[in-house]
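Open the model in your viewer and keep the selection tool ready. The tour goes stop by stop.

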Amino acid sequence: MRKDKKNEHIRIKVTPKEEQKQKIDIATQTLERNIGFINSCDTKTSIILASIGVLLTIILTNDGLSTIWGIITSCCSGKTFCDILYLCGFFASASTLVIGIWKLVSVLIAKTEPPQKGSNTTSGPSIIFFGGILKVGDRAAYRDKFLAMSDCELLDELIAEIYVNAEIATQKYRRYNHGIKLSVWGFVLFALILLSGAYIYG
C-alpha cells in the first residue's frame, strides 16, 4: 500500500522543449478542426446552391419564363390595386431569393489576405497561410525561412493561422445561416406567388 501511495506522487518531468512540442501538436490539431469546419460549410453551401439551381431550372423551363412575362404584362396593363400589390409581392419574393443566393455564393469566396501579425509573431509574410507563402519569395527563399524557423516562431504562426481560420469559419457560417433563411423563404414565396399568378392571370 505504501508503494502505491508513493507512486501516486510521481510526476513525469516535461522539459520546456517537450512542452513546446505538445503545444505545437495541440495547435496543429485545432487548426485542422477549424479547416474541417470551413470545408463542411463549403460542402453544404454547394449542395444547397445546386438544389436551388435544379428547382429554378424546373420552374423556368417548360414555358415558365413566358408564363412569368404574361403575368407581369397582365398586371401592368390592369393597374388595379391588386395588380400593383401582386407585382410588389412578386418582386419582393424574387429579390429575397436573389439576395439569399448571393449570400450563399459569398460563402464560397475564398479569403486570400494573410492574417495580420501582432507583436509576438514572426516578422514578414506568413509562411503557413497560403495567401502569404508566395509573398516570401521563390521556393528556395521559402524553404530557407521555413527551416530557419524556431519552435516558438512555428507556434506563433500556428496560433495566427488558427485565429484567422476561426474568423473565416465564423463569417462563413454567419453568411450561410443568413443565406439559407433568405433563400428558403424567398423560394417558397416566389413559388406560391407564381402559382397564384398563373391561376389568376393565366
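Select Leu 55. Leu 55 is partly exposed, at a relative accessible area of 37%. Here buried means under 20% relative accessible area, exposed over 50%, and partly exposed in between (1.4 Å probe, protein chains only). Leu 55 sits in helix 2, residues 16-60. Helices (H or I, at least four residues) and strands (E, at least two) are DSSP runs, numbered from the N terminus.

Before going on, some ground rules. This is a predicted model: local features need pLDDT of at least 70 and side-chain atom pairs count only at pLDDT 80 or more, while totals for chains, interfaces and linings use all residues. Residues are numbered from 1 along each chain as its sequence is written, and side-chain values use heavy atoms, with hydrogens and water left out.

With Leu 55 they make a nonpolar surface patch of about 270 Å². Patches are made of residues with over 30% relative accessible area and no salt bridge; like charges are joined within 9 Å, nonpolar side chains (Val, Leu, Ile, Met, Phe, Trp, Tyr) within 5 Å. A salt bridge is a side-chain nitrogen of Lys or Arg within 4 Å of a carboxyl oxygen of Asp or Glu. Areas come from the Shrake-Rupley method with a 1.4 Å probe; for residues, only the protein chains shown count as cover.

Stay in helix 2 and pick Gln 20. Gln 20 is buried, at 18%. Which residues does Gln 20 touch, not counting those up to four places away in sequence? Show Asp 151, Cys 152 and Leu 155. Contact means heavy atoms within 4.5 Å.

Zoom out. The protein chain has 7 helices and 0 strands. Of its 202 residues, 30% are buried. Among contacts with a separation of 6 or more, 73% join residues 24 or more positions apart. The accessible surface comes to about 13,600 Å², and carbon and sulfur atoms hold 65% of that.

Now go inside. Select Ile 68, Ile 71, Ile 72, Cys 75, Tyr 86, Leu 87, Phe 90, Ala 94, Phe 190, Ile 193 and Leu 194: these 11 residues are the largest nonpolar core. Such a core is a set of buried Ala, Val, Leu, Ile, Met, Phe, Trp, Tyr and Cys residues joined through side-chain atoms within 4.5 Å. Helix 3 (64-78), helix 4 (81-107) and helix 7 each supply at least two residues of this core. Centre on Ile 71. Beyond four places in sequence, Ile 71 touches Tyr 86, Leu 194, Gly 197, Ala 198 and Tyr 201. A second, separate core has 10 residues, including Cys 41, Leu 49, Leu 56 and Val 107.

Last, the rings. The whole structure holds 5 aromatic pairs. Rings of Phe, Tyr and Trp (its six-membered ring) pair if their centres lie within 6.5 Å; planes under 30 degrees apart count as stacked, over 60 as edge-to-face and the rest as tilted. Select Phe 90 and Phe 91. Their centres are 5.5 Å apart and their planes at 85°, so the pair is edge-to-face. Phe 90 is buried at 6%, whereas Phe 91 is partly exposed at 44%. Jump to Tyr 173 and Tyr 176, another edge-to-face pair: 6.4 Å centre to centre, 80° between the planes. Both lie in helix 7 (residues 151-201), 3 residues apart, about one turn of the helix. Tyr 173 is partly exposed at 22%; Tyr 176 is buried at 10%. Finish with Tyr 86, Phe 90, Phe 91 and Phe 190, which form one aromatic cluster.
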